[in-house]
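Trainee: Could we go through this structure together, starting with its pocket and then moving on to the sheets and a helix?
Mentor: Gladly; let's bring it up.

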Amino acid sequence: MTDAFEQSRSPPEAAAAAPEPKLAIDASRQFPEWLAEQKVSLAFTTYQSGKLFFVGRQPNGKLAVHERTFNRCMGLWGDGQTLWMSSLYQLWRFENALGPGELHQGHDRLYVPQIGYTTGDLDIHDVSVDARGRPVFVATLFSCLATTSETHSFATTWQPPFISKLAAEDRCHLNGLAMDDGTPRYVTAVAATDVADGWREHRRNGGIVIDVVTGDVVLGGLSMPHSPRLRDGRLYLLDSGAGHFGYADLAAGRFERIAFCPGYLRGLSFVGRFAVVGLSRPREENKTFAGLPLGEALAARGVSPRCGILVIDLRSGDIVHWLNIQGVVEELYDVALLPDVVRPMALGFKTDEIRRVLSWQPAPSG
């Protein structure tokens, strides 16, 4: 199944904009049925093309794809009702405006951007929510974890022990965040460097996992790792520059591979016994991706890098379903699963629809 999707624009913007390459999305034959069986929908960000995508199901069982435009959207967190997303210089909280059983244009979730924090360009990567309901995010430019502030761009909450100064220098390319019961527990960085942009010299094998509680480096030797996630007591992560999804054997200090994925990996979520991983096609002109083990692994297998979503069975390591993306979208950053959601959509700022969708909270009785 292959469909073309075009960005929603108001008529003046559509007339002024140059034609964009068409976006084609096709999926493995049983991918829609898998979404139905797991009772989830997908959301993912494509920071290079500035799109927030939702993938659900139509009443006829086919895929339903919805997208909105947000400049450099990256980190994503969702629980079905609330959605947090970082963009170029803001952090947005979306809330579902529909009640149980309500539909809007055939969608059972309508995510409205209710609160926006203007952070400045912090290069925010992973985003999560702590036990108090506060957003926690990786401020990559400042090599630290942070939360929102009512008076400043951000409030720092933690930084690696080897970072000697809080500075807008992207010293180690801190990027991934794993939460444990509502508390930050592990982070990933491309290298343990303490000079401006120092991580770029160690992209091939300088990647590390840090224990936030102790400050210790608990795993090393990775290639640009991303998206650490704790599940059932095990720390999963992506060895992005090598193309492998796996987990950290913390006792042995070793990365255990589960599956090779043909692309640069970012974004990881779980449902049941399945992992959902995002794939990107590394840009040839971008030196960040040059000389990584991924290129050698792809060449050895005789394939080119892909962009899309993979569903991996944790028991076997097999890729059981996939979503392939071609056209204007080449790079994904984050993937979130939305539980008990059939067909989600969101409001953006490129059309007038956001002016006309209104909701209100009833006054308390008594």
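Trainee: Which strand gives the largest share of the lining of the largest pocket?
Mentor: In this predicted model, that strand is β26, which contributes five residues to the lining of the largest pocket.

Trainee: And which strands each supply at least two residues of that lining?
Mentor: Besides β26 (335–339), the strands that do so are β6 (76–78), β10 (124–129), β14 (174–180), β18 (226–231) and β22 (264–271).

Trainee: How many residues line the largest pocket, and which lie nearest its centre?
Mentor: The lining has 27 residues, and those nearest the centre are Trp-77, Arg-229, Leu-268, Ser-269 and Phe-270. Sorted by class, the lining holds 17 nonpolar, four polar and six charged residues, and the space in the pocket comes to about 630 Å³.

Trainee: Back to β6, then: what is the strand order in its open sheet?
Mentor: The order is β6-β7-β8-β9-β27, five strands with mixed pairing. Because β6 and β27 (344–346) stand at the edges with a single partner strand each, one side of each has no neighbour in the sheet. From one strand to the next, the twist averages 25°.

Trainee: How many bridges join β7 to β8?
Mentor: Five bridges join β7, residues 82–86, to β8, residues 90–96, and the two strands run antiparallel.

Trainee: What joins β12 to β13?
Mentor: Three bridges do, with β12 covering residues 144–147 and the two strands running antiparallel; Ala-146 stands opposite Thr-156 in β13.

Trainee: Switching to helices, which residues of α2 are buried?
Mentor: In α2, which spans residues 31–38, the buried residues are Phe-31, Pro-32, Trp-34 and Leu-35. Viewed down the axis of α2, the buried residues fall within an arc of 160°, and therefore they line one face of the helix.

Trainee: What comes just after α2?
Mentor: Lys-39 sits there, and this residue takes a positive phi of about 55°.

Terms used. Residues are numbered from 1 along each chain as its sequence is written. This is a predicted model: local features need pLDDT of at least 70, side-chain atom pairs count only at pLDDT 80 or more; totals for chains, interfaces and linings use all residues. Side-chain values use heavy atoms; hydrogens and water are left out. On a 1 Å grid over the protein atoms alone, a cavity is a set of points where a 1.4 Å probe fits but cannot get out, and a pocket is an open set with protein on both sides within 12 Å along at least five of seven lines; lining residues have an atom within 4 Å of a point. Grid points are joined across faces, edges and corners, and a volume is the space filled by probe spheres set on the points. Helices (H or I, at least four residues) and strands (E, at least two) are DSSP runs, numbered from the N terminus. Ala, Val, Leu, Ile, Met, Phe, Trp, Tyr, Cys and Pro count as nonpolar, Asp, Glu, Lys and Arg as charged, and the others, Gly among them, as polar. Two strands pair if DSSP finds at least two bridges between them. Axes are lines fitted to C-alpha atoms, for helices over the stretch in contact, and angles run from 0 to 180 degrees between N-to-C directions. Buried means under 20% relative accessible area, exposed over 50%, partly exposed in between (1.4 Å probe, protein chains only). The arc is that of the directions from the helix axis to the C-beta atoms.
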